[in-house]
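Hi,

Here's the structure I promised to pass on.

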Amino acid sequence: MNRTHVNCTVNGDDVDFLAADGISLLDALRDELGLTGAKEGCGTGDCGACSVLIDGKLNCSCLVLAPEAEGAEIVTVEGIADGDRLHPLQQTFLEGAALQCGICTPGVLVAAKALLDANPDPTETEIRYALAGNLCRCTGYDKIIRSVQEAAVQLREATR
Amino acid sequence: MTATENRPTYKWVGTRPIRHDGYDKVTGKARFAADLDLPGQLRAVYVRSPHAHARIMSIDTEAAEAMPGVKAVVTGADFPDLGVADPEYDVSVNVMARDTVYYHGHAVAAVAATSRELAAEAAAAIVVEYEELPAVFTIDEAMAEGAPLVNENNYTKFIKADEPSNLSTITNLERGEVDGAFAAADLVIEREFTTSAVHQGYIEPHACVVDTGADGKASVWCSSQGHFRVRSSTAAVLGWDVSRVKVTPAEIGGGFGGKTTIYIEPIAARLSEMAGRPVKIVMTRDEVFRATGPAPASKVRVRVGATNDGELTALEAWMAYNVGAFGNVAGMVGAMSVASYKFPNLKLEAYSVLTNLPKSAAYRSPSAPHAAFAIESVVDEIAQKLDIDPIELRLKNAAVEGDLTAMGMPHPRIGFVECLEAVRESEHYGSPVPAGAGRGIAAGFWFNIGEQSSATVHVNEDGTATVITGSPDIGGSRASMALMAAEELGLDVHSITPLVADTESVGFTDTTEGSRTTFATGMAVVHACRELIDDMRSRAATILSVDVDEVVWVDGAAVAEGNDPVPLASIAAQAKRTGGPLTASASLNAGGAGPSFAVHCCDLSIDEETGHTTVLRYTAAQDAGTAIHPSYVEGQLQGGSVQGIGWALNEEYIFNDDGSVDNPSFLDYRIPVASDLPMIETIIVEVPNPSHPYGVRGVGETGIVPPMATIANAISRAAGIRMTALPMSPPHVLRALNER
């Protein structure tokens, strides 16, 4: 079996792994690097549970071939907190009850972070469209949207 | 927003602490079943039927077994024949076909290999020869005279049935005298409604890891709403005693009823037994759509009679549920779910109908949404015809305590009227309907259930407590358990650790379903806490050298007049010298489940060019009894509403002529996304259930019952079209607009 040696950065750590032919970045993160925060809900890029940042851009890691990560900086849900200090999104999701079963939460948090990194003051509609690729079947999205709005307020206040 | 009837004020119950399992879920640490890997683990992949109904003539696994990395192959021959009379027979055949496949996607064989890729290659090398049999897919086809038999092992239940049939259940419920009532009615409206099959749509596919040891015992880690049911069903399919199976529940990534049964665990257990290594199975999304779930499609004819002043005098309904290839009581439950209005004269005829489609499974208030879509639509049409406010018409006819459900059971104290009044008084209902939009109202009912639960509570030596139950937490129930224990023990809720234990570490507990967990398992937690409190009072009596009868428990401390209070932490620290560890367990079969009613209100607009419906505003009111953690009660109302909105507007299984699912992906089976929706406003009504220590009713189910009719009723008012088929997707709405 052919394997490709891949070097990249994941959540600030230099890592390397051997990628078998055809495996996705999601498979590599979960099976080779032991980072199981990103989830596989569909494997076809339709649910967003596997969302990660690649060089700051939001991606479904199930649609990225593992060797494409060569040299990239990857951020997963495990990497969005600042040490033991939760990211404001993580904190507002907890306080705002924005999760129930929690399977979509890692992807939603990463997608919301990508939004707020690019747009610190999004409208409700902008948040809804930014998260439209992240399926949640439990919450009806209401508390997710409100928690992103609250995190945006906190982040703006923190950088003022 | 919460509308609260007079109830006691609590210190913890009704507050909104951060859920205990939340930290792991926002940091990616929470362990779901697919996140677990064991040393030496194999991966298994299925072979599934390409026919909707066929005899299996032969299965050749020889080539597959010789392929690299392949460690075990199973077919139906590797599982015992339980006999048709066994209650697990259908499950055993559904998880692995024997001599016949009953639907497209039915499991035929499975391969365990050292990687998923090698297992898939080997599965593709298995050769199955079929002889096709006639198949039927719709209610009409299956009920037609001379229709081919879907499943030769199905006999109609609850009646004397000598011949196999395509009907699983036939239910007739009647009271009063409908013919006379219709003859005397001022207004009679009759309509026929159809709904498509829909999937529960949990984002986490079914997953398990099973390690069958040399001692013959299987350890199972899996995603399930009920790991005790996984234990019993898995053991049954394997022909084992339940003591050979231990099930540890992983975090569950959504279930909504769809994970109350099993699919993969006995297959993994047998493969593991044969290979001598752990076996992991993770379904693909395609498999989830093709071989699990769905909620039945339905056809419901409803006739309602009313007087000119809006009294609903008669209801007649014919209901049929398409339950797929195996027997199911969907029709019976659908008839039983008719319970919202007094209807002095009523006649219901309900059928569970087999077809060569995937075996249907429970989905949030199973069977009730189909019936409510029909009845609430016709009730609304009566309000329109009589020019009566739809809430006033419902208030005039709403069931109250003592009124009978369709099956003849008197309602206990219920909060239907209170829910209707809460919506009537809401800012939403009082606001003008936006220009060009329509506003709809509809109601829903679900029984809620009790069943068996167990809980163990430890007071730890540092004065904290651990609450252990057997109920998988699918919506925040651990937080509810901790809140009730905090209230009882007088501890801070964050000094309590709520856990869900495996099948060998806590007493038997029925599945998380029917909105029973906060009610029944919560009751077990309360009982265990009260036993612990009695024990701690006794310990304090020893410490204080007073009679135990002089000691009362007040806000986390034992209090005896004339003495300083002895706080829980002090009693815990002295446990060794006063009698040993502080622990108590309670198990019960909970009676007195409190039905939950909901009333929804929706404003929407329709794009006349495309038929696309935009939900502008949505309010859900529901009687929670008592909201233990209001945020997660709101979450249940919102989640149920949005699942219902998806069911109403978009979601449907599309089957090809050969019975295969044409849209087995989240791209083509489109559940609501964030940009489809407005905020979902909630009104928690609290009419406490007198049969629960804190008045809990349970809130998970009912929220999905009203949305379909709520939206249909709003569309009717927005565009003057009466939609009678789900989904009300743009092409269907456009057709109705064009035919208007």
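I715(B) touches G438(B), L604(B), I606(B), T613(B), I721(B), M723(B), M728(B) and V733(B), leaving aside residues up to four places away in sequence; two residues are in contact if their C-beta atoms, placed from the backbone, lie within 7 Å. Before going further: this is a predicted model, where local features need pLDDT of at least 70 and side-chain atom pairs count only at pLDDT 80 or more, while totals for chains, interfaces and linings use all residues. Residues are numbered from 1 along each chain as its sequence is written, and chains are lettered from A and ligands numbered from 1 in the order in which they are written.

Back to I715(B): along with A44(B), V111(B) and A485(B), it touches the most other members of the largest nonpolar core, which has 305 residues. A core here is a set of buried Ala, Val, Leu, Ile, Met, Phe, Trp, Tyr and Cys residues joined through C-beta atoms within 7 Å. Buried means 20 or more other C-beta atoms within 10 Å of a residue's own, exposed means 12 or fewer, and partly exposed is in between, with C-beta atoms placed from the backbone. Helix α16 (residues 517–544) of chain B gives this core its largest share, twelve residues. Helices (H or I, at least four residues) and strands (E, at least two) are DSSP runs numbered from the N terminus.

A44(B) takes us to strand β2 (residues 42–48) of chain B. Seven of its seven residues are buried, so the strand is largely enclosed by the rest of the structure. L42(B), A44(B), Y46(B) and R48(B) point one way, and R43(B), V45(B) and V47(B) the other. Strands pair if DSSP finds at least two bridges between them. β2(B) runs parallel to strand β13 (residues 279–282) of chain B, with two bridges, and L42(B) has V279(B) as its bridge partner there. With strand β6 (residues 107–113) of chain B the pairing is antiparallel, over six bridges; Y46(B) partners A110(B).

Now for two helices. Ten of the eleven residues of α8 (residues 265–275) of chain B are buried, so this helix is largely enclosed by the rest of the structure. Just after α8(B), G276(B) takes a positive phi of about 70 degrees. In chain A, twelve of the 14 residues of α3(A) are buried, so this one is largely enclosed too. Its cover includes β3 (51–54), β4 (57–60), α2 (88–95), α4 (124–130) and α5 (142–159) of chain A, together with α1 (22–26) of chain B.

That brings in the contact between the chains, which takes 43 residues from chain A and 40 residues from chain B. On the chain A side, α2, α3, α4 and α5 each supply at least two residues, and α2(A) gives the most, with four.

Most residues other than glycine have a negative phi, and most peptide bonds are trans. The bond from L726(B) to P727(B) is cis, with omega near 0 degrees, and P727(B) is in the loop between α20 (707–719) and α21 (730–739) of chain B. F343(B) has a positive phi of about 30 degrees; it is buried, with 27 other C-beta atoms within 10 Å. E451(B), in strand β18 (residues 451–459) of chain B, has a positive phi near 70 degrees and is partly exposed, with 19 other C-beta atoms within 10 Å.

Cheers
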